[in-house]
Amino acid sequence: MNDSLLINDGLIIKFPEPHAEYKGICLITKDINVQLLFSAYMQGVFPWFNEDEGDPVIWYSPNPRFCMRIENLHVPRSLERFLKHNPYTYTMDTCFLRVMEECRSMKRDGQAGTWIGEKMINAYSEFHHAGYAHSFEVWHEEKLVGGFYGVLIGSVFCGESMFTKMDNSSKSAFVLFARAFAECGGKLIDSQVYTDNIARYGASNISRDAFLRLEAEYLYRPLECDLKERFLEIAN
């Protein structure tokens, strides 16, 4: 399960099928770059490793897969009430690197460290400049108080990480993004593995095969309107 298993087919590098004994691991590489990232997301694969502990780059395609078809979006009543008196302002793609750094430094229950190391930051920053990775920022009194980032290809958004410094900051941003995404013709939000936070909005586990069938349909279907423009209209 190393670099020699990669097959380069033009712009797309073909990943092996996940190994049955290794819980969704497809491949292990030394490095991570834009071509590998694009190829991975086009095949339902994503990187997840702990650079601080000396891990190599580990590429996953787990079964089951945790995701949400956009028509299943559910907004809790408490958050709906919050949005009616929302104190925040929102931006998109204004400080991608800073959002990644905030996600990196966010303390999380049950986690001693973070998977967002220098390799991830450098690779996703390049992916952002290539037009595939995006950040959503939440501001209060000109201070960055929440946000998240992810990857958008076609009508599929793959959420990567979020951070919050004030109540409902990243939650409200996610809901406003999801509504804008839906209005632009977005179809699928991939959250990769189960979290209680995203489950409350309507995400659920489906089989890997079912997920790949959805991706095959939606990755090649572009959004119908500009997501940034629609997000800013809805959010502000």
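Here are some notes on the model, point by point.

1. Ground rules. This is a predicted model, in which local features need pLDDT of at least 70 and side-chain atom pairs count only at pLDDT 80 or more, while totals for chains, interfaces and linings use all residues. Residues are numbered from 1 along each chain as its sequence is written, and side-chain values use heavy atoms, with hydrogens and water left out.

2. Two strands are called paired if DSSP finds at least two bridges between them. Helices (H or I, at least four residues) and strands (E, at least two) are DSSP runs, numbered from the N terminus.

3. Who faces whom. S3 and S5 pair over 4 bridges, antiparallel, and Thr-29 stands opposite Val-57 in S5. As for cover, 4 of the 5 residues of S3 are buried; buried means under 20% relative accessible area, exposed over 50%, and partly exposed in between, with a 1.4 Å probe and protein chains only.

4. Gly-24. This residue is in the loop between S2 and S3, and it counts as buried because its relative accessibility is 10%. Leaving out residues up to four places away in sequence, Gly-24 touches Pro-18, His-19, Trp-59, Tyr-60, Ser-61 and Pro-62; contact here means heavy atoms within 4.5 Å. Gly-24 and Ala-199 are 175 residues apart in sequence, and their C-alpha atoms are 21 Å apart.

5. Most residues other than glycine have a negative phi, and most peptide bonds are trans. A cis peptide bond joins Asn-63 and Pro-64, with omega about 5°; Pro-64 lies in the loop between S5 and strand S6 (65-69). Glu-142 has a positive phi, near 65°, and belongs to the loop between strand S8 (133-140) and S9. Gln-192 also has a positive phi, near 75°, but its place is in strand S11 (residues 188-192). Buried or exposed, for Glu-142? Glu-142 is exposed, at 77% relative accessibility, whereas Gln-192 is buried, at 8%.

6. The aromatics. The structure holds 24 aromatic pairs. Rings of Phe, Tyr and Trp (its six-membered ring) pair if their centres lie within 6.5 Å; planes under 30 degrees apart count as stacked, over 60 as edge-to-face and the rest as tilted. The Phe-177 and Phe-181 rings make a stacked pair, because their centres are 5.4 Å apart and their planes at 25°. These two residues are 4 apart in helix H5 (residues 169-183), so about one helical turn separates them. Phe-177 is buried at 0% relative accessibility, and Phe-181 is buried with a relative accessible area of 0%. Both belong to one aromatic cluster, whose members include Tyr-90, Phe-136, Phe-148 and Tyr-201.

7. Ser-155. It lies in the loop between strand S9 (143-153) and strand S10 (156-164), and it's buried, at 0% relative accessibility. Not counting residues up to four places away in sequence, Ser-155 touches Phe-181, Gly-185, Gly-186, Lys-187, Leu-188, Tyr-218, Arg-221 and Leu-223.

8. The second largest pocket. Its volume is about 270 Å³. Of the 15 residues that line it, Lys-14, Phe-15, Glu-17, Met-42 and Gln-43 are closest to its centre. Strand S2 (12-14) and helix H7 (208-218) are the elements giving two or more residues to the lining, and H7 has the largest share, 3 residues. By type, the lining divides into 8 nonpolar, 2 polar and 5 charged. Here Ala, Val, Leu, Ile, Met, Phe, Trp, Tyr, Cys and Pro count as nonpolar, Asp, Glu, Lys and Arg as charged, and the others, Gly among them, as polar.

9. How the pocket is defined. On a 1 Å grid over the protein atoms alone, using a 1.4 Å probe, a pocket is an open set of points with protein on both sides within 12 Å along at least five of seven lines; lining residues have an atom within 4 Å of a point. Grid points are joined across faces, edges and corners, and the volume is the space filled by probe spheres set on the points.
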